[in-house]
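Work through the exercises below with the structure open. Try each task before reading its solution.

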Amino acid sequence: MFRHRQICGDRRQARGDFGFGGERLGGHYRGGGGRGGRLGRFFDHGDLRYVLLHLIAEKPRHGYELIKAIEEQFGGAYSPSPGVIYPTLTLLEELGYLRPESAEGTRKLYSITQEGTAFLSANRPLVDAILGRIAEVSRAYGGGPAPEIRRAVHNLRLALSIRLGRGPLDSGQLRTIVDALDRVAGEIERS
């Protein structure tokens, strides 16, 4: 399977499939994962190109649709940022593998060209291997909380950490924070 190297201080450490580190057990991964237990890097250099071409070959898509399609393929375990998707789409367009079908304002609808189809066909074994790894990640890590929920929980933890790092709380500040957390917890339970 796919491996990449990460610099760790002055030594190199090989990371497991998709950079999770940890130990592989029966198709699942344990331990390792990046900072704070996050999953590591999902694509090796250039792999995203093949995924984008594959998805666009299925049907013409906008950049946002590609982000959502990749998130869906990963079972919610990963959602690429626009800062990764759009430059890669521009590169594929410059290589002649994609062309914008129509522009709705600033949105481009990408379709694959004959050159893109030929490139995808010539690299079919690699594309299939990448898609297989995505399916494995989806089975192992997908189905958990939606990425938006994980982001919101992370933001909450960070906000609390920053506030508590500024010094002790007086009784009014403590009450405000506790009331806000209790109110949100109740709203979540009722949803």
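**Exercise 1. The surroundings of valine 127**

Task: Find which residues valine 127 contacts, leaving aside its neighbours within four places in sequence. Then decide whether valine 127 is buried or exposed.

Solution. Start with the contacts. Valine 127 is in contact with Tyr50, His54 and Leu120, once neighbours within four places in sequence are set aside. Note that this is a predicted model.

Valine 127 sits in helix 5, which spans residues 124–141.

Now take accessibility. The cut-off for buried is under 20% relative accessible area. Valine 127 has 2% relative accessibility, so it counts as buried.

Last, compare sequence and space. Valine 127 and arginine 49 are 78 residues apart in sequence. Their C-alpha atoms are 9.6 Å apart.

**Exercise 2. Helix 4 against helix 5**

Task: State how helix 4 is oriented to helix 5, and list the residues that meet.

Solution. Take the axes first. Those of helix 4 and helix 5 come within 5 Å and cross at roughly 75°. Angles of 65 to 115 degrees count as roughly perpendicular. Helix 4 is therefore roughly perpendicular to helix 5.

Then list the partners. Helix 4 brings Leu120, Ser121 and Ala122. Helix 5 brings Arg124, Pro125 and Val127. Sorted by class, this contact has four nonpolar residues, one polar and one charged.

With a relative accessible area of 48%, alanine 118 is partly exposed. From C-alpha to C-alpha, alanine 118 is 8.9 Å from tyrosine 97, and the two are 21 residues apart in sequence.

**Exercise 3. Helix 1 against helix 3**

Task: Work out how helix 1 and helix 3 are oriented to each other. Then find what threonine 88 touches.

Solution. Begin with the geometry. Helix 1 covers residues 47–58 and helix 3 covers residues 82–94. Their axes come within 10 Å and cross at roughly 75°. The two helices are therefore roughly perpendicular to each other.

Go on to the contact. From helix 1 come Leu48, Arg49, Leu52, Leu53 and Ile56. From helix 3 come Val84, Ile85, Thr88, Leu89, Leu91 and Leu92. By class, the residues of this contact are nine nonpolar, one polar and one charged.

Now pick out threonine 88, which is in helix 3. Its relative accessibility is 14%, so threonine 88 counts as buried. Not counting residues up to four places away in sequence, threonine 88 touches Leu48, Arg49 and Leu52.

**Exercise 4. The aromatic cluster**

Task: Identify which residues are linked into a cluster by ring pairs, and say how the rings of phenylalanine 43 and phenylalanine 74 are arranged.

Solution. Count first. The model has five aromatic pairs. One of them joins phenylalanine 43 and phenylalanine 74 edge-to-face, at 5.9 Å centre to centre with 80° between the planes. Phenylalanine 43 lies in the loop between strand 4 (28–30) and helix 1, and phenylalanine 74 in the loop between helix 2 (63–73) and helix 3, so the pair ties together parts 31 residues apart in sequence. Both phenylalanines are buried.

Move to another partner. Phenylalanine 43 and tyrosine 78 also form an edge-to-face pair, at 6.0 Å centre to centre with 75° between the planes. Tyrosine 78 lies in the loop between helix 2 and helix 3, so this pair ties together parts 35 residues apart in sequence. Tyrosine 78 is buried, as is phenylalanine 43.

**Exercise 5. The largest nonpolar core**

Task: Find which residues have the most contacts inside the largest nonpolar core, and which helix gives the most to it.

Solution. The largest nonpolar core has 28 residues. Those with the most contacts inside it are Phe43, Leu52, Ile70, Phe74, Leu89 and Leu98.

Next, trace the suppliers. Helix 1, helix 2, helix 3, strand 6 (107–112) and helix 5 each supply at least two residues. Helix 1 gives the most, with seven.

Finish with isoleucine 70. Setting aside neighbours within four places in sequence, isoleucine 70 is in contact with Leu48, Val51, Leu52, Leu55, Tyr78, Pro80 and Ile85.

How values were computed: Residues numbered from 1 in each chain as written. Predicted model: local features only at pLDDT ≥ 70, side-chain atom pairs only at ≥ 80, totals over all residues. Heavy atoms only, no water. Axes fitted to C-alpha atoms, helices over the stretch in contact; angles between N-to-C directions. Helix = DSSP H or I, 4+ residues; strand = E, 2+ residues; numbered from the N terminus. Parallel < 35°, antiparallel > 145°, perpendicular 65-115°, else oblique. Contact = heavy atoms within 4.5 Å. Nonpolar A, V, L, I, M, F, W, Y, C, P; charged D, E, K, R; others polar. Phe/Tyr/Trp six-rings, centres within 6.5 Å; stacked < 30°, edge-to-face > 60°. Buried < 20%, exposed > 50% of the residue type's maximum accessible area, 1.4 Å probe, protein only. Core = buried A, V, L, I, M, F, W, Y, C linked by side-chain atoms within 4.5 Å.
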